[in-house]
Amino acid sequence: MKIVVGSKNPAKIRAVKDVFNECKVSSKDVPSDVSNQPYSDQETRQGAINRAKACIGIGEIESFGIGLEGGVMYIGKQLYLCNWGALVTPDEKIYTASGARIPLPKSISDELQLGKELGDVIDVFTKKKDVRQNEGTIGIFTNALVTRQEMFSHVVRLLKGQWEFAYKN
Ligand SMILES: O=P(O)(O)OP(=O)(O)OP(=O)(O)OC[C@H]1O[C@@H](n2cnc3c(O)ncnc32)[C@H](O)[C@@H]1O
């Protein structure tokens, strides 16, 4: 079984390798075809689906595609971090799953409202570089108890499990 991950982000690739450790996992940078900063569950999920589909294009007929997408969404006035994953099979069946979500501090959501991307805002907030490729925003605001890789591993496990269930039944 070959898996193609639609991102060069190491946190995402490691999450897929962690769950599909028996498979050949490769990665390629594909477009999400949604905004750079998705602003709803719907848009974030669509970005994950678009990435997964783009992975099983020409030359990848036998492969499974996985797309992982980060975004934000409102519940009332509270902005939350949200994450979605999609797995597309070679015969184009689509499985989706979402990840844990946590509220973002007002100082962060105020910056996002100016049109900035979370990845840039969290780097400035933490005075770190490439948080998105490491512990992620979820890692920052959970004191590293849950990192971006761990959160995405859970999403990928949800995808794999749904596919296994469908395959067996
Ligand atoms: O290389 P790709 O796969 O594009 O990875 P990315 O982290 O840059 O991009 P995503 O599509 O996953 O996320 C969309 C935006 O939200 C940001 N973002 C989402 N979740 C994040 C997190 O946990 N930590 C930091 N930035 C995050 C991210 O930096 C982007 O600006």
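## Close-up views of a predicted model

**View A. Helix α2 and its buried residues.** In this predicted model, T44, R45, Q46, G47, A48, I49, R51, A52, A54 and C55 are the residues of α2 that are buried. The cover over these buried residues includes the strands β1 (2-5), β3, β4 (78-88) and β5 (94-98).

**View B. The shell around the ligand.** Here we turn to the ligand, which is surrounded by 20 residues. The closest of them are S7, G70, E117, G119 and G136. Three elements, β3 (64-75), α4 (118-126) and α5 (136-141), each supply at least two residues of this shell. Sorted by class, the shell has 10 polar, 6 charged and 4 nonpolar residues.

**View C. The protein chain as a whole.** Stepping back, the protein chain has 6 helices and 6 strands. Their pattern along the sequence is β-α-β-α-β-β-β-β-α-α-α-α. The C-alpha atoms fill a box of roughly 45 × 30 × 25 Å along the principal axes. The protein chain has a radius of gyration of 16 Å, which agrees with a compact globule, because one of 169 residues would have a value near 15 Å.

**View D. Packing and contacts in the protein chain.** Of the 169 residues, 43% are buried. Among contacts with a separation of 6 or more, 53% come from residues 24 or more positions apart.

Methods. Residues are numbered from 1 along each chain as its sequence is written. This is a predicted model: local features need pLDDT of at least 70, side-chain atom pairs count only at pLDDT 80 or more; totals for chains, interfaces and linings use all residues. Helices (H or I, at least four residues) and strands (E, at least two) are DSSP runs, numbered from the N terminus. The radius of gyration is taken over C-alpha atoms; the globule rule is 2.2 Å times the number of residues to the power 0.38. A residue is buried if 20 or more other C-beta atoms lie within 10 Å of its own, exposed if 12 or fewer, and partly exposed in between; C-beta atoms are placed from the backbone. Two residues are in contact if their C-beta atoms, placed from the backbone, lie within 7 Å. A residue is near a molecule or strand if its C-beta atom, placed from the backbone, lies within 6 Å of it. Ala, Val, Leu, Ile, Met, Phe, Trp, Tyr, Cys and Pro count as nonpolar, Asp, Glu, Lys and Arg as charged, and the others, Gly among them, as polar.
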